Amino acid sequence: MDTYKRKELLVGALMLGAGLFYLFLTINLPRKGFIDASTVPYVLSVGLCLLGALQLLTATKATQPPADPDADADPSAAPPPDYPTVFKTLGLIAVYVALLQKVGFPIMTVLYLYAQFIVITPREQKVNHITYIVIAVVTSALIFFTFRQGFDLMLPTGFLKI
């Protein structure tokens with residue numbers, strides 16, 4: 001068995017194992033009804049199990065790595081990793097988690113998403129502030145009301161006292 005096939009099988013087995021472990025942990029959550037706090041973990045764990053199984057099936061049929069059209073290109077021409085973006089993202093996540101309880105989910109999520117959109121916007125592209133703000137506000141509101149009304153879960157409201 002070639003190295004590529006072994007790596008693909010290992011990734012599939014690890015994904016399936018993680019999915020089954022997550023599913024086992026999810027089964028131990030208390031249930032209140034059909035849709036409750038354990039619904040999303042169930043969906044995620046089943047999805048991870050399906051992806052792991054699909055990866056295993058694909059790996060058993062794989063014979064060689066897919067052809068890379070850029071294989072003939074100079075490897076030094078590849079762009080270097082963008083470490084500053086990674087560190088900015090980790091910093092934003094840390095600030096988001098630190099202020100979530102005090103400021104509240106709706107406001108912190110809008111601020112986090114807006115800042116994250118700016119961070120991941122390529123340097124050569126103009127930042128579209130209006131679009132980013134609209135997406136951040138709509139997404140934050142949708143998530144907040146979905147959890148509050150749909151799942152009957154209270155997210156921190158902070159200053160808003162909703």
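Buried means under 20% relative accessible area, exposed over 50%, and partly exposed in between, as judged with a 1.4 Å probe on protein chains only. With that scale in mind, select T89, which lies in helix α3 and is buried, with a relative accessible area of 18%. Helices (H or I, at least four residues) and strands (E, at least two) are DSSP runs, numbered from the N terminus.

The model on screen is predicted, so that local features need pLDDT of at least 70 and side-chain atom pairs count only at pLDDT 80 or more, while totals for chains, interfaces and linings use all residues. Residues are numbered from 1 along each chain as its sequence is written, and side-chain values use heavy atoms, with hydrogens and water left out.

**The whole chain**

Of the 162 residues of the chain, 23% count as buried. Contact means heavy atoms within 4.5 Å, and residues 24 or more positions apart account for 58% of the contacts in the chain with a separation of 6 or more.

**From T89 to Q116**

Return to T89 and show its surroundings: leaving aside neighbours within four places in sequence, T89 is in contact with Q116 and V119. Select Q116 next, which is found in helix α4 and is buried, with a relative accessible area of 9%. Not counting residues up to four places away in sequence, Q116 touches T89 and L92.

Is T109 buried or exposed? T109 is buried, with a relative accessible area of 5%, and T109 touches Y96 and S140 when residues up to four places away in sequence are not counted.

Now display α4 together with helix α5 (residues 129-150), whose axes come within 8 Å and cross at roughly 145°. Axes here are lines fitted to C-alpha atoms, for helices over the stretch in contact, and angles run from 0 to 180 degrees between N-to-C directions. The crossing of α4 past α5 is right-handed; a crossing is left-handed if the near helix is turned anticlockwise from the far one by less than a right angle, and right-handed if clockwise.

To see the contact itself, select F105, P106, T109, V110, L113, Y114, F117 and I118 on α4, together with H129, Y132, I133, I135, A136, V137, T139, S140, I143 and F144 on α5. By class, this contact of α4 with α5 has 14 nonpolar, four polar and no charged residues, where Ala, Val, Leu, Ile, Met, Phe, Trp, Tyr, Cys and Pro count as nonpolar, Asp, Glu, Lys and Arg as charged, and the others, Gly among them, as polar.

On α5, also select T131, which is found in that helix and is partly exposed, with a relative accessible area of 34%. The C-alpha atoms of T131 and F117 are 9.9 Å apart in space, and the two are 14 residues apart in sequence.

**The largest pocket**

Which residues line the largest pocket? Select D82, P84, T85, K88, I118, V119, I120, T121, P122, R123 and E124 to show the lining. A pocket, found on a 1 Å grid over the protein atoms alone with a 1.4 Å probe, is an open set of points with protein on both sides within 12 Å along at least five of seven lines, and lining residues have an atom within 4 Å of a point.

Both α3 (83-103) and α4 (105-120) supply at least two residues each to this lining, which by class has five nonpolar, two polar and four charged residues. About 180 Å³ of space lies in the largest pocket, the volume being the space filled by probe spheres set on the points, with grid points joined across faces, edges and corners.

Finish with V11 in helix α1 (residues 3-27), which is partly exposed, with a relative accessible area of 39%. The C-alpha atoms of V11 and A59, 48 residues apart along the chain, are separated by 9.2 Å. Then select A53 in helix α2 (residues 39-61), which counts as partly exposed at 31% relative accessibility. Its C-alpha atom is separated by 9.8 Å from that of G19, 34 residues away along the chain.
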